[in-house]
Structures are given as C-alpha cells and as structure tokens.
Amino acid sequence: MATYGRGAARFAVRVSAAIWREEVERFAVRSPARVAAERERRRLEDDGLSVEDLQRCAADGAAGTRLGGLVKVYVPMTRARASQQPFGFVLSAGRDDRGLYLALVAYGERHPRPGTRSVYERAHKRLHGRYPDQ
Amino acid sequence: MTTMAVSAKRLDVQIGDLVEIGGRRYDVVSDKHGGVALEPAITSSVADAHAEIGGRPMTAAEFDAAFGDLPCDGEG
C-alpha cells in the first residue's frame, strides 16, 4: 500500500506490540478509551489510513508539545465533529522495503482531566525522551 | 468519631524516575501544581517503534513531500 504520490493516497499502518501495550492497554479493559482503540485497530491494520483522514501535528502545540513530523487521527474515526472524538492516535511516518507506512506512537485522550497527560504529551515524550514540562 | 492510624511509605523518587507498583510501571511526572503524579510509563522511543517494525522514520524532506499540505488545527 503506501503509494501516496502515485495516485493511491493510502498509508499502511503498523502497530508495534510494545507501543500498543503501553498506550492502549494502560486503560481499563471496558473503558471508553480502550474500547474505542480496539474497535479501530483492525480497520487501521486492514485498510490503512487515507491521507484525507489525517492532520499534521503541531510543531508548537498548545501545551508546549513539539510534534513536527508526526500526524494524527481523531478517534472514533468517523466524520463526526472533533468535539465528539475525545481520543486520538498519533503516528510517525516511515519507510521500509514495502514502501511508506505510518507507525503508531501514542494513543489517548486529547483533553484529559487535570493530572493526566494528553496523547500529545505522551507523543512528545516518545519523540523527545521527556515530557514538555520536564 | 474514630481516628485512623496511618503510616506512609516514604518513597525516594523524583520527577523523571520510573517506578513499578503492583507489576505496572509508571513514570514519576509533575502534576503541574508543585507536586508529582504517576503516569503509565513510556519506555520506548519513536525510533524504537520504527526499528521494531523493521523500517526507519521519514526524513524531513520526505515528510514535507507527503504531508506538507495537510491541515493542522494547532491543538497538539
């Protein structure tokens, strides 16, 4: 897949077992966040993501996050308004011998309650090795 | 009214430390109000994710060519 730029604007999505465990399985089994991620996983891996599903992450985000070079999709992955999509996948684009792909790097709440880190802060730590306020 | 005798376990940890409680790992992070909080741990990097998959991250030029025109809502 991953032939964007040559007519088919879809990217394969690859999910590392370690990332899935740390990002999704941290939520309780029946929690809305975990149920939503597990519902979308098969779709991600079977169908990939269209470039039209994606947004660029902000190079200078609202909470001090610096996520230039990453992309995101809101969850549930529907055409609903963003306010009805409380979670997000953050992905890093890569290349292997099969072509271009998107690798999951973070999942979680876009606007969590105080005291909990957002999906953007978690992606920042995975990218830079520390949280934005550290 | 009854009183409870509570003895706290003193932990010698600081922000940035990794701790394990009940078999689960947590990062010790700032609670942004002068205290600390525990956040489910992040123990691998973006580069590690690509390595596990068997690929490499796109270069900045490759990313701009593929995604430079995508919208960005500034949220994060």
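## A tour of chains A and B

Start with chain A and follow it from the N terminus: its elements run β-α-α-β-β-β-β-β-α. That makes three helices and six strands; helices (H or I, at least four residues) and strands (E, at least two) are DSSP runs, numbered from the N terminus. You are looking at a predicted model, in which local features need pLDDT of at least 70, side-chain atom pairs count only at pLDDT 80 or more, and totals for chains, interfaces and linings use all residues. Residues are numbered from 1 along each chain as its sequence is written, while chains are lettered from A and ligands numbered from 1 in the order in which they are written.

**Stop 1: the whole of chain A**

Show the C-alpha trace of chain A, which spans about 45 × 30 × 30 Å along its principal axes. The radius of gyration of chain A is 14 Å, close to the 14 Å that the globule rule gives for 134 residues, so chain A is as compact as a globular protein of that length. Here the radius is taken over C-alpha atoms, and the rule is 2.2 Å times the number of residues to the power 0.38.

Of the 134 residues in chain A, 44% are buried. A residue counts as buried if 20 or more other C-beta atoms lie within 10 Å of its own, exposed if 12 or fewer, and partly exposed in between, with C-beta atoms placed from the backbone.

**Stop 2: helix α3 of chain A**

Now select residues 119-128 of chain A, which form helix α3. How many of its ten residues are buried? Nine are, so the helix is mostly covered. Among them are V119(A), Y120(A) and A123(A). The cover includes β4 (70-75), β5 (87-96) and β6 (99-109) of chain A, together with α1 (46-53) of chain B. Step past the end of the helix and you reach G129(A), whose phi is positive, near 85°.

Stay with A123(A) for a moment. Leaving aside its neighbours within four places in sequence, A123(A) is in contact with L67(A), L70(A), V90(A), V105(A) and A106(A). Two residues are in contact if their C-beta atoms, placed from the backbone, lie within 7 Å.

**Stop 3: the nonpolar core**

A123(A) also belongs to the largest nonpolar core, which has 42 residues. Such a core is a set of buried Ala, Val, Leu, Ile, Met, Phe, Trp, Tyr and Cys residues joined through C-beta atoms within 7 Å. Along with V13(A), V90(A), L91(A), L102(A), L104(A) and V105(A), A123(A) touches the most other members. Elements giving two or more residues include β1 (10-14) and α2 (32-47) of chain A, and also α1 and α2 of chain B. Which element gives the most? β6(A) does, with eight residues. In soluble globular proteins, nonpolar side chains tend to be buried together.

**Stop 4: where the chains meet**

Show both chains: 35 residues of chain B are in contact with 42 residues of chain A. On the chain B side, the largest share, five residues, comes from α1(B). That side divides into 18 nonpolar, ten polar and seven charged residues; Ala, Val, Leu, Ile, Met, Phe, Trp, Tyr, Cys and Pro count as nonpolar, Asp, Glu, Lys and Arg as charged, and the others, Gly among them, as polar.

Next, select F67(B), in helix α2 of chain B. Is F67(B) buried or exposed? F67(B) is buried, because 22 other C-beta atoms lie within 10 Å. Not counting residues up to four places away in sequence, F67(B) touches R56(A), V71(A) and A93(A).

Two strands pair if DSSP finds at least two bridges between them. Here R95(A) has R56(B) as its bridge partner.

**Stop 5: the sheet of chain B**

Finish on an open sheet of three strands in chain B, ordered β1-β2-β3 with antiparallel pairing. Its edge strands are β1 (18-21) and β3, each pairing on one side only. Four bridges join β1(B) to β2(B), and L18(B) stands opposite D27(B). Five bridges join β2(B) to β3(B), with Y26(B) partnered by P40(B). β2(B) and β3(B) form a hairpin with five residues between them, and K32(B) in the turn has a positive phi of about 70°.
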